[in-house]
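Here is a short briefing to read alongside the sequence and the structure. The points are grouped by topic.

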Amino acid sequence: MSQHPVDQSQITDPATASQPEWWRDAVIYQVYPRSFADGNGDGMGDLEGIRSRLPYLKELGVDAVWLSPFYESPQADAGYDVADYRAVAPMFGDLLDADALIRDAHALGLRIIVDVVPNHVSDQHAWFRKAIQDGPGSPLRKRFHFHSGKGENGELPPNDWESIFGGPAWTRVEGGEWYLHLFASEQPDLNWEHPAVDEEFRSILRFWLDTGVDGFRVDVAHGLVKAAGLPDIGTGDQLTLLGNDTMPFFDQDGVHEIYRGWRKVLEEYGDDCVFVAEAWTPTAERTALYVRPDELHQAFNFHYLSAYWDAEELRDVIDSSLDAMRPVGAPTTWVLSNHDVTRHTTRFANPPGLGTQIGTAGDVELGLRRARAATLLMLALPGSAYLWQGEELGLPDVVSLPDGARQDPSFRRARGQDGFRDGCRVPIPWTVSGPSYGFGSGGSWLPQPADWGRLSVEAQSGRPESTLELYRMALAVRRQHSALGAGNCVQWLDAAAGVLAFRRTAEDGRRLVCTSNTTQEPARIPVHGQLLLASATDGIHVAENHVVLPGDSTLWWTD
Ligand code: GLC
């Protein structure tokens with residue numbers, strides 16, 4: 001048996017590119033412009049670099065690319081502090097580069113989703129600068145949350161909210177008022193009760209839709225509306241970096257009205273464009289509210305991302321996610337990693353219970369083995385899947401970054417919080433050797449570890465047992481096998497403790513079985529038809545009516 005058997009007879013030609021509602025089962029690849037590819041050799045990734053690597057993404061087999069922010073920004077939070085939403089930061093290129101990137105992507109059949117950051121702007125945004133200049137009571141201040149402080153001389157912040165990056169969520173300015181910033185002090189929160197804010201963002205959406213993008217990822221979609229009166233939290237609890245906590249500044253019902261308005265803007269451009277919400281909410285049911293038919297199209301499934309490699313936990317979150325989305329008719333999404341959390345290879349290399357910000361390497365080999373198995377499990381589920389750049393190379397988090405190299409504001413503002421987001425943002429290795437392993441000719445803004453070349457695209461291409469080839473194969477099968485991605489349910493099959501087995505049946509009757517062993521011990525399972533793909537490269541023994549499923553592995557079967 002070959003190591004990643006693909007039964008060609010099970011594959012049909014789908015012509016997915018022109019499918020209506022393409023997003024329902026799309027695989028969407030997140031590109032972090034700083035760290036993907038550096039076209040001009042300044043050590044920082046850019047749009048030209050991304051453009052030159054589009055053929056790689058096409059070959060990988062994804063449907064769409066989501067670009068983290070590349071707008072004009074002083075980079076206090078790696079571009080999530082936008083100074084001008086209609087301009088490209090010179091370090092990334094210019095509007096012509098953005099245009100060329102979108103055209104090239106479309107020519108390859110790839111869709112482009114861009115980030116929109118509506119919760120806050122940069123403190124260098126024209127509105128905020130003028131608000132500071134014009135002083136208390138000025139019209140521009142009303143577009144933000146400026147308030148007088150408490151205490152005899154207003155020397156205490158207006159309430160007890162803490163920034164998600166650590167420290168107080170308020171900063172006092174000359175003249176005595178305080179302004180709210182849920183993130184860094186360079187990211188003042190907008191006041192979404194003000195009509196000019198809503199109007200401005202509709203205009204920004206139109207600007208990028210006119211440029212040709214296929215959708216938006218909505219940053220902090222759950223944060224725009226704050227509870228009336230900005231009430232104290234009162235617990236003194238420290239927030240996790242990003243988490244599903246219930247807070248007076250997150251997941252307030254008022255946000256939905258905003259998205260109903262945005263949906264109308266999008267629909268002016270036809271029904272092919274999409275919104276995906278970054279909405280951290282307490283339950284899957286609360287997440288589902290963001291994707292009702294007249295709101296956004298998808299929401300990241302952070303409940304899934306937060307689950308460990310554990311059969312029971314995974315089955316619960318899969319069931320609750322599918323159950324929550326079914327009534328609203330939106331596809332469930334699945335995601336294992338992004339630019340805000342420790343890569344799943346490293347999460348699964350460590351023991352459970354450590355959360356999504358981990359600073360230790362753990363058992364690297366075990367982590368990779370589990371990550372490969374987790375990917376095949378994820379890609380077998382109904383709905384849309386998000387990949388974070390470099391996960392197809394099995395990259396671990398870089399846990400050895402010197403403090404001086406770190407740029408994540410949450411690290412700098414940390415007061416007892418872990419801020420390890422730089423570890424997942426280290427530039428991608430493309431080649432075995434050479435300057436910055438092919439990232440660019442001028443070094444890399446975060447230092448790359450010495451073994452990066454071994455994990456590069458060049459080192460893995462054409463090696464059937466490599467993680468890159470596993471992703472390529474899995475995505476090729478997924479594009480062509482109608483039982484993968486589509487639909488909204490799984491049929492669970494009996495399985496031993498620690499093992500997950502489910503069947504997927506397509507509308508055309510084609511079926512696929514996915515079996516995952518989340519324990520470290522081999523498990524005996526029934527044969528489920530013909531073996532299609534395996535995450536493990538060893539230990540699979542097929543007998544007449546049973547198969548030995550190696551520990552920490554996933555197999556796909558057609559039956
Ligand atoms: C989102 C982004 C994160 C950023 C934060 C503030 O959570 O994913 O990277 O720091 O918003 O914009």
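At the start of α3, which backbone nitrogen does a side-chain oxygen of D94 reach? It is the backbone nitrogen of L96, and the side-chain oxygen of D94 comes to within 3.1 Å of it. Note that this is a predicted model.

**Helix α3**

- Helix α3 covers residues 95-107, which makes 13 residues.
- At 1.5 Å a residue, α3 should span 18 Å.
- The buried residues of α3 are A98, A100, L101, I102 and A105.
- Those buried residues pack against three helices: α1 (47-52), α2 (54-60) and α5 (195-211). They also pack against the strands β2 (64-67), β4 (84-88) and β5 (111-116).
- Just after α3 comes G109, with a positive phi of about 85°.

**Ligand site**

- The ligand is surrounded by 15 residues. D77, H120, D219, E278 and D340 are the closest.
- The side chain of D340 has an N or O atom 2.5 Å from an oxygen atom of the ligand.
- For D219, a side-chain N or O atom lies 2.9 Å from a ligand oxygen.
- R421 places a polar side-chain atom 3.0 Å from an oxygen atom of the ligand.
- How much of the ligand does the protein bury? Taken alone, the ligand exposes 310 Å², and the protein buries 100% of that.

**Strand β13**

- Strand β13 runs over residues 384-388. Because 5 of its 5 residues are buried, β13 is largely enclosed by the rest of the structure.
- In a regular strand, side chains alternate between the two faces of the sheet.
- In β13, S384, Y386 and W388 point one way. A385 and L387 point the other way. All of these residues are buried.
- Strand β1 (residues 27-31) runs parallel to β13, and 4 bridges join the two. Here I28 stands opposite Y386.
- Strand β12 (residues 333-335) also pairs with β13 in the parallel sense, over 3 bridges. Here W334 stands opposite A385.

**Strand β21**

- Strand β21 covers residues 553-558 and is mostly covered, with 6 of its 6 residues buried.
- S553, L555 and W557 point one way from β21. T554, W556 and T558 point the other way. Residues on both sides are buried.
- Which strand pairs with β21 over 6 bridges? It is β16 (residues 511-517), and the pairing is antiparallel. In this pairing, W556 is the bridge partner of C514.
- Strand β18 (residues 530-534) runs antiparallel to β21, with 4 bridges between them. W557 is the bridge partner of L531.

**Residue T375**

- Is T375 buried or exposed? T375 has a relative accessible area of 1%, so it counts as buried; the cut-off for buried is under 20%.
- Leaving aside residues up to four places away in sequence, T375 touches L336, H344, E391 and Y471.

Terms used. Residues are numbered from 1 along each chain as its sequence is written. This is a predicted model: local features need pLDDT of at least 70, side-chain atom pairs count only at pLDDT 80 or more; totals for chains, interfaces and linings use all residues. Side-chain values use heavy atoms; hydrogens and water are left out. The expected span of a helix is 1.5 Å times one less than its number of residues. Buried means under 20% relative accessible area, exposed over 50%, partly exposed in between (1.4 Å probe, protein chains only). Contact means heavy atoms within 4.5 Å. A polar contact is a pair of N or O atoms within 3.5 Å; within protein, one must be able to donate a hydrogen and the other to accept it, and residues adjacent in sequence count only if both atoms are side-chain atoms. A residue is near a molecule or strand if one of its heavy atoms lies within 4 Å of it. Accessible areas come from the Shrake-Rupley method with a 1.4 Å probe; for residues, only the protein chains shown count as cover. Two strands pair if DSSP finds at least two bridges between them.
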